[in-house]
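Here are some notes to read alongside the model, written for someone meeting it for the first time.

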Amino acid sequence: MDHVINEGLTAAVSGTAGIFLFLVFLGMLVALINKSGGTRAFGEWAARRITSRRGAQIATFFLGILIFIDDYFNCLTVGSVMKPVTDRFKISRAKLAYIIDATAAPICMIAPISSWAAAVSGYAEGTGMSGITMFVKAIPYNFYSILTLVFVVVLIWKHDDFGSMLKYEEDALQDNDHSALREEKIEDTTADHASLLDLVLPIIFLICVSVIALIYVGGFFDPASGFQGDFVGAFGNTDATVGLPWGALITLIVTIAYLLIRRVLDFGESMNCLTEGFNSMVAAIMILTMATALKNISNDLLGSAEYVANIMNGVAGGLQYFLPVVIFIVAALLAFATGTSWGTFGILIPIVVSMFSVENPVFFIGLSACLAGAVCGDHCSPISDTTIMSSAGAGCNHVVHVSTQLPYAMTVAAVSAICYLIAAFVQSPIIPLAVGVAMIVGLLTFLKVRAGDDPLRNEL
């Protein structure tokens with residue numbers, strides 16, 4: 001009990017306090033936007049321009065790509081904005097949660113300006129290059145992240161859902177979507193002067209202030225930091241658990257002032273939204289606390305991190321060209337077991353750096369395999385923070401989201417493993433990516449042909 005309380009639960013709360021604050025502030029912001037009618041106004045605007053289920057899903061996909069700063073920000077913002085639109089076109093919450101999750105960690109993992117890039121950059125010691133340079137050179141080989149985005153586009157465009165996801169999509173068309181947690185929705189106001197800007201301006205302001213906050217924390221404005229005026233250096237030196245709450249709190253205060261000036265909400269209604277927003281995040285915070293505690297106990301008490309490190313160092317010998325796919329699989333398993341991408345590449349990147357010299361072309365392939373495997377395991381894990389946030393953002397039952405996403409994630413993972421095997425021999429990202437895209441299109445086409453013609457499926 002001493003270990004569970006101190007190293008498990010207490011460490012989980014203290015170690016993720018910044019994330020909790022960001023979630024609370026973001027929940028309050030979402031409640032304000034909903035109460036102001038901004039979400040409803042966006043839904044009405046989108047309804048006039050989005051005319052199909054495919055269009056609603058593509059819009060969700062592109063919005064997810066545009067919000068690339070942080071996966072938490074992505075999950076909760078895209079979910080709150082697109083839920084009214086996807087509900088209108090009878091898209092299941094399970095499908096919405098998958099699209100959100102598939103454009104959260106993967107896009108952050110290949111975006112040089114993101115909290116994930118900043119985290120990876122911190123492990124460049126011993127490579128002789130800057131962290132952001134190492135990260136950028138690894139992007140072309142990040143097959144899982146890139147192919148996940150390809151998979152989502154093909155899936156949406158060809159209506160090729162399969163597995164349990166197809167069942168939930170069919171139920172949604174029949175107005176029987178059991179994947180949704182409808183009770184978490186916050187009712188919109190009926191104010192006649194609600195505007196689309198009540199949604200757009202806070203989101204744009206949040207993105208801009210978050211970027212400024214991240215580089216501020218990284219020392220961009222501090223002469224003593226060594227990164228004054230160096231945007232890339234400051235971003236690589238930042239702490240997202242400090243910068244993102246910083247940006248979210250400023251945005252929350254400015255949004256309240258903006259809505260009061262416009263007289264969309266009065267002061268009492270604004271304060272009530274803060275309570276509603278906090279309450280909407282309680283379930284996500286509880287799950288995140290328990291998941292982080294489980295991760296801490298697994299690493300500290302069971303020694304899973306050291307065990308994996310010893311195995312990886314032991315197989316480095318003559319298997320150089322097979323190591324990228326081995327690293328990918330080990331990273332995926334470790335991320336699945338611990339529920340954290342950041343913890344996984346924090347363990348494995350130093351090991352990869354010690355295995356290969358920077359001059360070795362396989363170095364960046366192995367590094368990317370580590371990062372891609374971490375994202376893959378994170379997608380599959382029910383205790384992953386990003387998976388939890390995707391469920392919360394979409395208003396989807398968490399178990400349903402995990403069960404419907406797993407077949408899709410495993411499909412892309414299998415294709416990615418083959419790509420890493422090819423890449424180690426050809427030492428170029430072009431051929432493996434071409435093979436991976438062809439395999440995804442062919443596999444989805446095969447599954448659709450095998451399923452045969454289903455009138456209800458054709459409506460999807």
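How much space lies in the second largest cavity? About 30 Å³, and point 3 describes the residues around that space.

A word on the basis of these notes: this is a predicted model, in which local features need pLDDT of at least 70 and side-chain atom pairs count only at pLDDT 80 or more, while totals for chains, interfaces and linings use all residues. Residues are numbered from 1 along each chain as its sequence is written, and side-chain values use heavy atoms, with hydrogens and water left out.

1. Overall make-up. The protein has 23 helices and zero strands; these are DSSP runs numbered from the N terminus, with helices being H or I of at least four residues and strands being E of at least two. Of its 460 residues, 57% are buried, where buried means under 20% relative accessible area, exposed means over 50%, and partly exposed is in between (1.4 Å probe, protein chains only). The accessible surface is about 18,200 Å², and carbon and sulfur atoms account for 66% of that area. Accessible areas come from the Shrake-Rupley method with a 1.4 Å probe, and for residues only the protein chains shown count as cover. If you take contacts between residues at least 6 apart in sequence, 80% of them join residues at least 24 apart; a contact is a pair with heavy atoms within 4.5 Å.

2. The whole structure holds two cavities of 30 Å³ or more. A cavity is a set of points, on a 1 Å grid over the protein atoms alone, where a 1.4 Å probe fits but cannot get out, and its lining residues have an atom within 4 Å of a point. Grid points are joined across faces, edges and corners, and the volume is the space filled by probe spheres set on the points. The largest cavity comes to about 60 Å³. Eleven residues line it, and Leu 29, Val 30, Ile 33, Thr 77 and Ile 203 are the ones nearest its centre. Helices H2 (17-36), H5 (71-88) and H12 (197-217) each provide at least two lining residues. By type, the lining has nine nonpolar, two polar and no charged residues. Here Ala, Val, Leu, Ile, Met, Phe, Trp, Tyr, Cys and Pro count as nonpolar, Asp, Glu, Lys and Arg as charged, and the others, Gly among them, as polar.

3. The second largest cavity. Its lining is made of Tyr 98, Ala 102, Tyr 144, Thr 148, His 379, Tyr 408, Ala 409 and Val 412. Two or more of these residues come from each of helix H6 (93-102), helix H10 (143-158) and helix H21 (398-426). H21 gives the most, with three residues. The lining divides into six nonpolar, two polar and no charged residues.

4. The nonpolar core. The largest core has 125 residues, and Tyr 144, Phe 151 and Phe 328 touch the most other members. Helix H19 (residues 362-380) supplies the largest share of this core, 13 residues. Such a core is a set of buried Ala, Val, Leu, Ile, Met, Phe, Trp, Tyr and Cys residues joined through side-chain atoms within 4.5 Å. Tyr 144 also lines the second largest cavity. Setting aside neighbours within four places in sequence, its contacts include Phe 328, His 379, Ala 409 and Val 412.

5. Is Thr 411 buried or exposed? Thr 411 lies in helix H21 and counts as buried because its relative accessibility is 15%. Beyond residues up to four places away in sequence, Thr 411 touches Phe 151, Phe 162 and Leu 443. Leu 406 is also found in H21, but is partly exposed at 33% relative accessible area.

6. Positive phi values. Most residues other than glycine have a negative phi, so a few spots deserve a look. Lys 90, in the loop between H5 and H6, has a phi near 55° and is partly exposed. Arg 263, in the loop between helix H14 (240-262) and helix H15 (267-300), has a phi of about 60° and is exposed, with a relative accessible area of 71%.

Key:
On a 1 Å grid over the protein atoms alone, a cavity is a set of points where a 1.4 Å probe fits but cannot get out, and a pocket is an open set with protein on both sides within 12 Å along at least five of seven lines; lining residues have an atom within 4 Å of a point.
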